[in-house]
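Subject: Structure handover

Hi,

Here is the structure I promised to pass on. Please open it first, then read my notes below.

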Amino acid sequence: MLFPKISLKAARVNANLTLLDAAKLLGVGKDTLIKWERNPDRVQPRYQKRISKVYEMPIDVIFFGI
């Protein structure tokens with residue numbers, strides 16, 4: 001059974017992180033994170049793994065536009 005994935009923004013909110021805090025932990029600027037939340041298909045695989053780790057959520061639960 002397939003489960004629906006959650007948006008990148010929802011994953012960040014569930015991790016209880018602000019946009020600025022998440023950007024710092026991910027090593028990107030807040031503008032980059034805003035772009036990713038609007039267009040998750042632009043997140044490179046290496047950052048997808050980092051996001052999964054920082055947000056403490058399995059990578060296959062987060063929607064990256066795939």
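The protein has four helices and zero strands. Helices (H or I, at least four residues) and strands (E, at least two) are DSSP runs, numbered from the N terminus. From that end on, the elements run α-α-α-α. The radius of gyration is 11 Å, close to the 11 Å that the globule rule gives for 66 residues, so the protein is as compact as a globular protein of that length. That radius is taken over C-alpha atoms, and the rule is 2.2 Å times the number of residues to the power 0.38.

Two notes on how to read this. This is a predicted model, where local features need pLDDT of at least 70, side-chain atom pairs count only at pLDDT 80 or more, and totals for chains, interfaces and linings use all residues. Residues are numbered from 1 along each chain as its sequence is written, and side-chain values use heavy atoms, with hydrogens and water left out.

**Overall**

The C-alpha atoms fill a box of roughly 35 × 20 × 20 Å, taken along the principal axes. Of the 66 residues, 32% count as buried. Buried means under 20% relative accessible area, exposed over 50%, and partly exposed in between (1.4 Å probe, protein chains only). The protein exposes about 4,700 Å², and carbon and sulfur atoms supply 55% of that area. Accessible areas come from the Shrake-Rupley method with a 1.4 Å probe; for residues, only the protein chains shown count as cover. Now take contacts (heavy atoms within 4.5 Å). Among those between residues at least 6 apart in sequence, 49% join residues at least 24 apart.

**Helix α4**

Which residues of α4 are buried? They are Y47, Q48, I51 and S52. They cover an arc of only 145 degrees around the axis, which puts them on the same side of α4. The arc is that of the directions from the helix axis to the C-beta atoms. What covers these buried residues includes α1 (8–14), α2 and α3. The face turned away from the buried side carries the exposed residues R46, K49 and K53.

An α-helix has 3.6 residues a turn, so residues three or four places apart point the same way.

Look at S52 next. It lies in helix α4 (residues 45–54). S52 counts as buried because its relative accessibility is 14%. Its side chain reaches the backbone nitrogen of I59 at 3.3 Å. Leaving out residues up to four places away in sequence, S52 touches M57, P58, I59 and I62.

**Helix α3**

In α3, the buried residues are L33, W36 and E37. Their arc around the axis is only 100 degrees, which puts them on the same side of α3. On the other side, K35 and R38 are exposed. The cover over the buried residues of α3 includes α1, α2 and α4.

**The aromatic pair**

How many aromatic pairs does the structure hold? It holds one. W36 and Y47 form this pair, which is tilted: 5.0 Å centre to centre, with 50 degrees between the planes. W36 lies in helix α3 (residues 30–38) and Y47 in helix α4, so the pair ties together parts that are eleven residues apart in sequence. Rings of Phe, Tyr and Trp (its six-membered ring) pair if their centres lie within 6.5 Å; planes under 30 degrees apart count as stacked, over 60 as edge-to-face and the rest as tilted. W36 is buried, and so is Y47.

**A23 in helix α2**

A23 lies in helix α2 (residues 19–26). Is A23 buried or exposed? It counts as buried, because its relative accessibility is 3%. Not counting residues up to four places away in sequence, A23 touches V28, G29, K30 and L33. A23 and K35 are twelve residues apart in sequence and 12 Å apart in space, C-alpha to C-alpha.

**Two positive phi values**

Most residues other than glycine have a negative phi. N16 has a positive value, near 60 degrees. N16 lies in the loop between α1 and α2. At 70% relative accessibility, N16 counts as exposed. E56 also has a positive phi, about 50 degrees, although it is not a glycine. The place of E56 is in the segment after α4. E56 counts as exposed, because its relative accessibility is 75%.

Best wishes

Note on methods. Polar contact = N/O pair within 3.5 Å; in protein donor to acceptor, adjacent residues only side chain to side chain.
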